[in-house]
Amino acid sequence: ASGWGPPASQRGVSLVRDGRWSKGYLSMIRWYAVTCWDVLHRLGYAWAMRFDDDSFVLSPVPYNIFDRMRAIGADYGFRTIARECDRNFG
């Protein structure tokens with residue numbers, strides 16, 4: 001199983017109660033919050049990096065991020081500019 005979409009016990013059940021969130025959005029959130037970690041582990045991945053569709057790499061990263069994380073014993077890391085962008089870059 002890919003892990004995308006609702007679990008078998010919820011297939012056919014309407015999860016969109018107030019209309020704010022699409023089925024695709026709910027599936028994406030479930031994928032990142034619950035499912036992807038087991039799928040990536042089964043596929044043999046030790047590390048993963050996630051970018052949103054509005055993410056940008058604004059400067060070079062002159063080191064291997066995963067080597068650095070491994071060296072310092074990190075399980076999670078991030079780089080961020082903490083502001084929401086009101087411009088459309090699409």
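These are my notebook entries on a predicted model of a protein.

**Overall look**

I began with the secondary structure and found two helices and zero strands in the protein. Helix H1 covers 23–42, and helix H2 spans residues 65–72. Next I looked up burial: of the 90 residues, 10% count as buried. The accessible surface comes to about 8,200 Å². Carbon and sulfur atoms own 54% of that surface. I also checked how far along the sequence the contacts reach. Taking contacts between residues at least 6 apart in sequence, I noted that 34% join residues at least 24 apart.

**Salt bridge**

How many salt bridges does the structure hold? I found one. Its partners are the side chains of Asp67 and Arg70, which meet at 2.8 Å, N to O. A reminder to myself: side chains of opposite charge can pair when their charged atoms come close. I then looked at where the two residues sit. Both belong to helix H2, and because they are three residues apart there, about one helical turn separates them.

**Aromatic pair**

My search of the whole structure for aromatic pairs turned up one. The rings of Trp47 and Phe66 have centres 5.7 Å apart, and their planes meet at 40°, so I logged the pair as tilted. The cut-offs explain that label, because planes under 30 degrees apart would count as stacked and those over 60 as edge-to-face. What does this pair link? I see distant parts of the chain brought together: Trp47 is in the loop between helix H1 and H2, while Phe66 is in helix H2, 19 residues apart. For accessibility I wrote down 24% for Trp47, which is partly exposed. Phe66 is also partly exposed, at 24%.

**Arginines over rings**

I went on to look for charges over aromatic faces. Arg50 lies over the face of Tyr32, 3.8 Å from the ring centre. Arg68 does likewise with Tyr63, at 3.9 Å from the ring centre.

**Nonpolar surface patch**

Which residues form a nonpolar patch on the surface? I have Trp21, Tyr25 and Ile29 down for this one. Together they present about 270 Å² of accessible area. I followed up on Tyr25, which lies in helix H1.

Note on methods:
Residues numbered from 1 in each chain as written. Predicted model: local features only at pLDDT ≥ 70, side-chain atom pairs only at ≥ 80, totals over all residues. Heavy atoms only, no water. Helix = DSSP H or I, 4+ residues; strand = E, 2+ residues; numbered from the N terminus. Buried < 20%, exposed > 50% of the residue type's maximum accessible area, 1.4 Å probe, protein only. Contact = heavy atoms within 4.5 Å. Areas by Shrake-Rupley, 256 points an atom, 1.4 Å probe, with all protein chains shown as cover. Salt bridge = Lys/Arg side-chain N within 4 Å of Asp/Glu carboxyl O. Phe/Tyr/Trp six-rings, centres within 6.5 Å; stacked < 30°, edge-to-face > 60°. Lys NZ or Arg CZ within 6 Å of the ring centre and 35° of its normal. Patch = residues over 30% accessible without salt bridge, like charges linked within 9 Å, V, L, I, M, F, W, Y side chains within 5 Å.
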